[in-house]
Amino acid sequence: MKVNVTWSIDDNAEQAGKACAKKAVLDLVQTKIAIIFNSSKYNCKELLKGAKSILGTAPIIGCTTYGGIITQEGYITSKNGDFAGMLAIGDKETDVYTAGSNKLITARKTGQEVALQALQKSGKNRKPDYYMLIASSEEEKEYAKGIRDIIGDVPCFGGGITGKNTFNMIYTEEAEFSEGAAVAFFYTSQRIENIINSSYHETVHSGIITKATETRQIDEINGNQAIQVFREWTSYKENNDILENAILNNLAIKDSLNDNTIIKPITNIYNNSIIVGSDISENSAIIQVQTTKQELIDAPAETIYKIKNGLKPIDESPVAYLNVYSSALIDKININEIAKRIKTETEDTPFLMAFTDSEYGKGNYTGNVFGGVMISSTAICNKK
């Protein structure tokens, strides 16, 4: 297996796509997948035109990302906000098939459709070994449910962007859209290992969501106004203080086996309710969690460390890493320090990191996890 990571800050989208692809295919016998993350300032049609002029018919999956990307060469961005990064995989023992669609009648129906399309392309009568998902972050769990309806429980990795916004785009080699889902199905004898993690620690404060509006608005905790309960937990008196410090004092739930703490990031306050960036439900427990800016900086490198130390003896060292982290951190912490920590941990192994609105990955001893302000790190490995 050979993996290349490349980038460009050319102010011309087509030239940026071409530049990334030209370097990415170097020494690849056959490009099995090209994963692209790029600035929302680029015209995605033009970016893909440039990339496909070099990649030919190779599968592509990607989306816009925030602020910049991180590679072995550091934090990549530009004064004009133009940037693109590409991770390309070449391996005779790996086949990848992509499919994508704008939102159909429902998100779940869309997930079913893209899964069926990818399976049809594969010509195989079995589910993939792994899949990558990029979806509109408002309904990522519904898209994932639709995919699971078709292929069952398959390890997932990826991230989501805010849909219904023409500046934010999801795409494959065949289509681009602002709201919907795209998948890449991996059929491989190689190992793809993912960990989804966060830097948060649980506090002693928790309660039951006794009233919720739809799936992301917490109205009451323990029968009291949600915002009043959270003020008591944190000692913040003003709503602005809560929002300004949400990155350090947040909310989370536990999964069914209590092995994963899934962050439900605070995104807004409406009257006396708390709006979160990931689905919640009534009669479930919500926990206050805390972190520090240094822990947020260290989290990606520490997650990569966990992957390396959790690999089985039959696995060689990873040949590349694909990392997805929260866009909410861009203006809150030192991104260059994150880049330095990851580079130290990965040594000479290439990696690509993007910043999204939500993050997906395989939970510890459970199914796939969908959260926010989390780090999803995926190691692409050779088998011995």
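How many aromatic pairs does the structure hold? In this predicted model, the structure holds five aromatic pairs. One of them joins Tyr 131 and Phe 185, whose ring centres are 6.0 Å apart and whose planes stand at 65°; because planes over 60 degrees apart count as edge-to-face, the pair belongs to that class. Tyr 131 is part of strand β8 (residues 130–136), whereas Phe 185 is part of strand β12 (residues 180–188), so the pair ties together parts that are 54 residues apart in sequence. Tyr 131 has a relative accessibility of 2% and therefore counts as buried. Phe 185, with a relative accessibility of 0%, likewise counts as buried.

A further aromatic pair is formed by Tyr 360 and Phe 370, with a centre-to-centre distance of 5.0 Å and an angle of 55° between the planes, and this pair is tilted. Tyr 360 lies in strand β24 (residues 358–362) and Phe 370 in strand β25 (residues 368–371); the two residues are ten residues apart, and their pair links distant parts of the chain. Tyr 360 and Phe 370 are both buried.

An aromatic ring also faces a charged group in the model. The ring of Tyr 187 has the charged end of Lys 124 sitting over it, at 5.3 Å from the ring centre.

Among the helices, α7 (residues 293–310) and α8 (residues 335–346) have axes that come within 8 Å and cross at roughly 15°. Angles under 35 degrees count as roughly parallel, and α7 and α8 are therefore roughly parallel to each other. The crossing in which α7 passes α8 is right-handed. On the α7 side, the contact is made by Leu 296, Ile 297, Asp 298, Pro 300, Ala 301, Glu 302, Ile 304, Tyr 305 and Lys 308. On the α8 side, the contributing residues are Glu 337, Ile 338, Arg 341, Ile 342, Glu 345 and Thr 346.

Ile 54 was examined as an individual position and is found in helix α2 (residues 44–55). The relative accessibility of Ile 54 is 33%, and the residue therefore counts as partly exposed. When neighbours within four places in sequence are left aside, Ile 54 is in contact with Lys 18, Ala 21, Lys 22 and Val 25. Ile 54 and Thr 303 are separated by 249 residues in sequence, and the C-alpha to C-alpha distance between them is 34 Å.

Terms used: Residues are numbered from 1 along each chain as its sequence is written. This is a predicted model: local features need pLDDT of at least 70, side-chain atom pairs count only at pLDDT 80 or more; totals for chains, interfaces and linings use all residues. Side-chain values use heavy atoms; hydrogens and water are left out. Rings of Phe, Tyr and Trp (its six-membered ring) pair if their centres lie within 6.5 Å; planes under 30 degrees apart count as stacked, over 60 as edge-to-face and the rest as tilted. Helices (H or I, at least four residues) and strands (E, at least two) are DSSP runs, numbered from the N terminus. Buried means under 20% relative accessible area, exposed over 50%, partly exposed in between (1.4 Å probe, protein chains only). A charge sits over a ring if NZ of Lys or CZ of Arg is within 6 Å of the ring centre and within 35 degrees of the ring normal. Axes are lines fitted to C-alpha atoms, for helices over the stretch in contact, and angles run from 0 to 180 degrees between N-to-C directions. Angles under 35 degrees count as roughly parallel, over 145 as roughly antiparallel, 65 to 115 as roughly perpendicular and the rest as oblique. A crossing is left-handed if the near helix is turned anticlockwise from the far one by less than a right angle, and right-handed if clockwise. Contact means heavy atoms within 4.5 Å.
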